[in-house]
Amino acid sequence: MAPEPSTKRGAATRRRILDAATEEFARHGVAGARVERVIQAAQTNKAQLYGYFGNKDGLFDAVVSDSLDRITTMVPIDAEDLAGWAVRLYDAYLEAPELVRLATWVRLERNPAGYLTAHSAPANDVKTEAIARAQAAGAVREGDPFDLMALVIAMSCAWSPVSGVYAATADEDPAVHRRRRALLRDCVQGAVAP
């Protein structure tokens, strides 16, 4: 992959490509995504796309990395309040469902087992270290910090686009979202309480 653009215009073009590709890959996965639709939506050309990302697979990798960074930035962990973190994740999935759909495509087309991506391991380390500190402070139950993190994230996805039961949307009745948030908060709190 080429280095980051050195100009504001180049950075803006790269960002437009990432945004367009995020929507394209979230909707169609790697196999179904089309570079032509990405360049049309990003108002650019193939030379720029390939110059920044190398190929379609490199573009997908960049989109996934960017999306993991976005969700981590949007919803930083608060290991002293894992129930609140789960609720904020629920809200983030409503706001940006494409992030969850991308993770699903990674599982289906790239990594059916183990870490979601190599990029996710360092981000998980930050989270598990925070959970371990909260455990040492007596705020979180004993257990493997990674497993606790995975459990909380899974619970927060109960109504996300990966749900096998029901995928919520932001335009549903606010009372329904309040009810789900309260249930999620109570269940996570019960699961992680010392």
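Modeller: Gladly. Let's start with D57, which is partly exposed at a relative accessible area of 40%. Keep in mind that this is a predicted model.

Biologist: Why is D57 called partly exposed?

Modeller: Buried needs a value under 20% and exposed one over 50%. D57 has 40%, so it falls in between and counts as partly exposed.

Biologist: What makes R110 and D57 a salt bridge?

Modeller: The N to O distance between their side chains is 3.0 Å, and the cut-off is within 4 Å. R110 lies in the loop between α6 (97–109) and α7 (120–136), while D57 is in helix α4, so this pair ties together parts that are 53 residues apart in sequence. R110 is partly exposed too, with a relative accessible area of 30%.

Biologist: How many salt bridges are there in the whole structure?

Modeller: A search finds 10. One of them joins D91 and R181, with the closest N and O atoms 2.8 Å apart.

Biologist: Why is the D91 and R181 pair said to tie together parts of the chain?

Modeller: Because D91 sits in helix α5 (residues 82–95) and R181 in helix α9 (residues 174–192), parts that are 90 residues apart in sequence. D91 is partly exposed at 27% relative accessible area, and R181 is partly exposed at 25%. Salt bridges with shared partners also join R15, D19 and D66 into one network.

Biologist: And E23 with R27: how far apart are they along helix α1?

Modeller: They are four residues apart, and therefore separated by about one helical turn. Their closest N and O atoms are 2.8 Å apart, which passes the 4 Å limit for a salt bridge.

Biologist: Is R27 buried or exposed?

Modeller: R27 has 55% relative accessibility, which is over 50%, so it counts as exposed. E23, at 35%, counts as partly exposed.

Biologist: Now the aromatic rings. How many pairs does the search find?

Modeller: It finds four aromatic pairs in the whole structure. One of them is F25 with F60.

Biologist: Why is the F25 and F60 pair called edge-to-face?

Modeller: A pair of rings is described by the distance of the centres and the angle of the planes. For F25 and F60 the centres are 5.0 Å apart and the planes stand at 75°.

Biologist: How do you know whether F25 and F60 are buried or exposed?

Modeller: F25 has 1% relative accessibility and counts as buried. F60, also listed at 1%, counts as buried as well. The limit for buried is under 20%.

Biologist: What about Y52 and F53?

Modeller: Y52 and F53 form an edge-to-face pair, with 6.3 Å centre to centre and 70° between the planes. Both Y52 and F53 are buried.

Biologist: Last one: why are α1 and α3 called roughly perpendicular?

Modeller: Helix α1 (residues 8–32) and helix α3 (residues 46–53) pack at about 90°, with axes 10 Å apart. Angles from 65 to 115 degrees count as roughly perpendicular, and the two helices therefore get that name. G10, T13, R14, I17 and L18 of α1 meet Q48, L49, Y52 and F53 of α3. The residues of this contact divide into five nonpolar, three polar and one charged.

Notes
Residues are numbered from 1 along each chain as its sequence is written. This is a predicted model: local features need pLDDT of at least 70, side-chain atom pairs count only at pLDDT 80 or more; totals for chains, interfaces and linings use all residues. Side-chain values use heavy atoms; hydrogens and water are left out. Axes are lines fitted to C-alpha atoms, for helices over the stretch in contact, and angles run from 0 to 180 degrees between N-to-C directions. Angles under 35 degrees count as roughly parallel, over 145 as roughly antiparallel, 65 to 115 as roughly perpendicular and the rest as oblique. Contact means heavy atoms within 4.5 Å. Ala, Val, Leu, Ile, Met, Phe, Trp, Tyr, Cys and Pro count as nonpolar, Asp, Glu, Lys and Arg as charged, and the others, Gly among them, as polar. Rings of Phe, Tyr and Trp (its six-membered ring) pair if their centres lie within 6.5 Å; planes under 30 degrees apart count as stacked, over 60 as edge-to-face and the rest as tilted. Buried means under 20% relative accessible area, exposed over 50%, partly exposed in between (1.4 Å probe, protein chains only).
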